Amino acid sequence: MLWKNVLAVLLSYGLGCLVSGYYLVRWKTGQDIRTLGSGSAGARNVGRLLGKWGFWTVLAADILRGAAASSVAWVLGVPTPVKTFCILAAAVGHIFPIQLGFRGGKGLGVSLGALLVFDWRIAVGSFLVCAVLYFLSRRYMLSGMISVLTVPAFSVLLGLPISTTGILTVWAALILLAHRKNLIALYAGKNSSEGDGAYGDGEKRDRNSDRRIHL
């Protein structure tokens, strides 16, 4: 039914909008994480400010929000293309949260949770690709971006519908777009961009004053 399809997509977007990193930092420090470090509301930027516990807390919350988005689609019994679209909607909500002026994170954690519920084989396969590449290169961002590109490839290999592969391709493009600054840094040959290092560089930086504070 049409209303179920629309409801599933809207709820997925709404769950994506609940940007965990932004609200955790607001609660703990009163600051806007988007004015600190890389300017992202994602787990790694929160890790720069709050340390490992902040990174893992936000990552876990993001994964759970994504899993909830896909679970809603399953509960409502929507068709597979709509379930796939809910993954994209959750990522869009995280990257462009309406209540935060369309400035959020970069969508990887939320997408991982949504993919795990949608088809765990895609999520696990892409994660293993990322892990192997990181083991060989020690480049977190490079490994992560290549693993994003493998998501639609795994969809093809698993024989999923063309519509699913098409939507996942759009999703991959969105994630790469959200990480465009990291990709530019990689293209420029920087060995240590903001993307390399799971928790950041151990310091936080006020973007307005350019003042560095070592943790």
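Me: How do the axes of helix α7 (residues 120-137) and helix α8 (residues 140-157) cross, and what does that make α7 relative to α8?
Reply: In this predicted model, the axes of α7 and α8 come within 8 Å and cross at roughly 150°. Angles over 145 degrees count as roughly antiparallel. So α7 is, relative to α8, roughly antiparallel.

Me: Which residues of α7 and α8 meet, and how many of the contact residues are nonpolar, polar and charged?
Reply: On the α7 side you'll find I122, G125, S126, V129, C130, L133, Y134 and S137, and they meet Y140, S143, G144, I146, S147, T150, V151, F154 and S155 in α8. Sorted by type, the residues of this contact come out as nine nonpolar, eight polar and no charged.

Me: Is the crossing of α7 past α8 left-handed or right-handed?
Reply: Look at how α7 passes α8. The crossing there is right-handed.

Me: Where is R138, and is it buried or exposed?
Reply: R138 is found in the loop between α7 and α8. Its phi is near 60°, a positive value in a residue other than glycine. With 52% relative accessibility, R138 counts as exposed.

Me: What is the C-alpha separation of A131 and S147?
Reply: A131 has its place in helix α7, and with a relative accessible area of 36% it is partly exposed. S147 is one of the α8 residues in the contact with α7. A131 and S147 are 16 residues apart along the chain, and their C-alpha atoms are separated by 9.0 Å.

Me: How many helices and strands does the protein chain have, and what pattern do they follow?
Reply: The protein chain holds ten helices and two strands. Reading along the sequence, you get α-α-α-α-α-α-α-α-α-α-β-β.

Me: What percentage of the contacts in the protein chain with a separation of 6 or more comes from residues 24 or more positions apart?
Reply: As background, buried residues make up 48% of the 215 residues in the protein chain. Turning to contacts with a separation of 6 or more, the share from residues 24 or more positions apart is 67%.

Me: How far does helix α4 reach from its first C-alpha to its last?
Reply: Helix α4 covers residues 52-76, which gives it 25 residues. At 1.5 Å a residue, 36 Å is expected, and the helix is close to that. From first C-alpha to last, α4 reaches 36 Å.

Me: Which residues of α4 are buried, and what covers them?
Reply: The buried residues in α4 are G54, F55, V58, D62, R65, G66, A67, A69, S70, A73 and L76. What covers them includes α1 (2-17), α2 (20-29), α3 (43-50), α5 (80-95) and α6 (108-118).

Me: Which residue just after α4 takes a positive phi?
Reply: Follow the chain to the spot just after α4. A phi of about 70° turns up there, and the residue that takes it is G77.

Me: Why is α1 described as roughly antiparallel to α4?
Reply: α1 and α4 have axes 9 Å apart and pack at an angle of about 170°. Angles over 145 degrees count as roughly antiparallel, so α1 is, relative to α4, roughly antiparallel.

Me: Which residues make the contact of α1 with α4, and how do they divide?
Reply: From α1 come K4, L7, A8, L11, S12, L15, G16 and C17, while α4 brings R65, A68, A69, V72, A73 and L76. They divide into ten nonpolar, two polar and two charged.

Me: What is the orientation of α4 and α6 to each other?
Reply: The axes of α4 and α6 come within 6 Å and cross at roughly 40°. α4 passes α6 in a right-handed crossing. The angle therefore makes α4 and α6, to each other, oblique.

Me: Where is F102, and what is its relative accessible area?
Reply: F102 sits in the loop between α5 and α6. Its phi, near 65°, is a positive value in a residue other than glycine. F102 is partly exposed, with a relative accessible area of 46%.

Me: Which helices do the buried residues of α9 pack against?
Reply: Helix α9 (residues 162-178) has 17 residues. Its buried residues include W171, L168 and I175. The buried residues of α9 pack against α5, α6, α7, α8 and α10 (180-187).

Notes: Residues numbered from 1 in each chain as written. Predicted model: local features only at pLDDT ≥ 70, side-chain atom pairs only at ≥ 80, totals over all residues. Heavy atoms only, no water. Helix = DSSP H or I, 4+ residues; strand = E, 2+ residues; numbered from the N terminus. Expected span 1.5 Å × (residues − 1). Buried < 20%, exposed > 50% of the residue type's maximum accessible area, 1.4 Å probe, protein only. Contact = heavy atoms within 4.5 Å. Axes fitted to C-alpha atoms, helices over the stretch in contact; angles between N-to-C directions. Parallel < 35°, antiparallel > 145°, perpendicular 65-115°, else oblique. Left-handed = near helix turned anticlockwise from the far one by under 90°. Nonpolar A, V, L, I, M, F, W, Y, C, P; charged D, E, K, R; others polar.
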